Amino acid sequence: MPPLLTLAWIYFRIGLIFVGGGYVLIPLLNHIMVEQYKWLTLRQFLDGLALSQLTPGPLAMLATFTGFRAGGFLGGLVATVFIFIPCVMLMLIIGRNYHRLKNIDLIRTTLDGLLPAVVGLVAAAAWNLGMSSLSGVKEFIILAIGFAVFKWTMVNPMIVILGAGILGLLLN
Amino acid sequence: MAANGKQVTLTEIFLTFAKIGITGFGGGMAIVALVERTCVKEKGWITSEEFLHGLAFGQILGPFSLNVCTFTGHHLRGIRGGIIAATGFILPSFLLMSLLSRLYFTYNKLPQLQAALKGTNPVIIGLILVVAIDMGRKQIKGRNGILMALAAFSATVLVKLNAAWVLLAAAVWALGVSIYRRRHT
């Protein structure tokens, strides 16, 4: 079992590269965990990837899985904390300077100018998710009900999602 | 810095984001949609515009679901607020993932979580759609805005471009337009 300090250093470095964007993480972790350190087999790695998609957290929850494999619960904890340190620090720096940045005219108009693109990306996420996961009439009906509930009522989304989960368990 | 001027407690920040971290199955945009609904609509902690700015930064800088939580937490209570929001959001996933890892490495098979997710998936898509529509109504003004939203949508859906690149391109374009307008007014 590798010492926790080594784990911390490895995942911190991965976290630094991870800042570049989500899916970079898959080949990177595969290279380090499977090929370099041989902590997991490729099969286990892919299963871990599937498991990480089951949690609400980002893809980087794969760090918990691989860290757990390398060093038990503590290994998972260290891996998770250290992979997220770089991006949290960066966001804090941005948050800290946000109001100063926003007061510079050129930055403000640029930020406002790109907002429609952000909205387009949100809509694209719904589209892509729908394409990969909606298959039957049943699911489109659930989608329509969900849409109506969120659009025209103020019901707490947590309740709606948990309810839908139970419905899914019963239906499948 | 909430709308009513009263300071939000760190405990409330933690509990709010832990709740989002428990129910945000679907990840990514599902989280963004939940944070928008909870922090912008229900609690009025952050304006829709500021939230979208945070999302734009978050998209470019990696795991945007986490980044949006950090940004909102920081907006409320500074560095401590940001760290607490991030921790609250990741903690449920971390505990669930540890449990799943343990089960997996003990029994070597996947637990039957997939069935439940078949039910939550369509609802999450519904939520994201609602957020996209609401944001669009508020933030897209004029023909140029509509064109940019459509361009970003098609670049992601049809060309399968990475979201970070789409946003960088949009930022360069918006910067160009700002400079052009400044020179010509």
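Reader: What makes the reach of helix α3 of chain A close to the expected one?

Author: In this predicted model, helix α3 of chain A, residues 42–54, has 13 residues. At 1.5 Å a residue, 18 Å is expected, and the helix reaches 19 Å from its first C-alpha to its last.

Reader: Which residues of α3(A) are buried, and why are they placed on the same side?

Author: The buried residues are G48(A), L51(A), S52(A) and L54(A). They cover an arc of only 140° around the axis, and therefore they lie on the same side of α3(A). The face turned away from that buried side carries L42(A) and R43(A), which are exposed.

Reader: Why is T66(A) called buried?

Author: T66(A), a residue of helix α4 of chain A, has 31 other C-beta atoms within 10 Å. The word buried requires 20 or more, so T66(A) is buried.

Reader: Which residues does T66(A) touch, leaving aside those up to four places away in sequence?

Author: T66(A) touches L29(A), M33(A), W39(A), L40(A), G48(A) and A79(A). L40(A) is 26 residues from T66(A) in sequence, with 7.6 Å between their C-alpha atoms.

Reader: How many residues are in contact between domain 1 and domain 2 of chain B?

Author: Chain B is divided into domain 1 (10–139) and domain 2 (142–185). Four residues of domain 1 are in contact with five residues of domain 2. Helix α3 of chain B, residues 48–60, gives the most to the touching side of domain 1, with three residues. The residues of that side divide into two nonpolar, two polar and no charged.

Notes:
Residues numbered from 1 in each chain as written. Chains lettered and ligands numbered in written order. Predicted model: local features only at pLDDT ≥ 70, side-chain atom pairs only at ≥ 80, totals over all residues. Helix = DSSP H or I, 4+ residues; strand = E, 2+ residues; numbered from the N terminus. Expected span 1.5 Å × (residues − 1). Buried ≥ 20, exposed ≤ 12 C-beta atoms within 10 Å, placed from the backbone. Arc of directions from axis to C-beta. Contact = placed C-beta atoms within 7 Å. Domains from an automatic or database assignment. Nonpolar A, V, L, I, M, F, W, Y, C, P; charged D, E, K, R; others polar.
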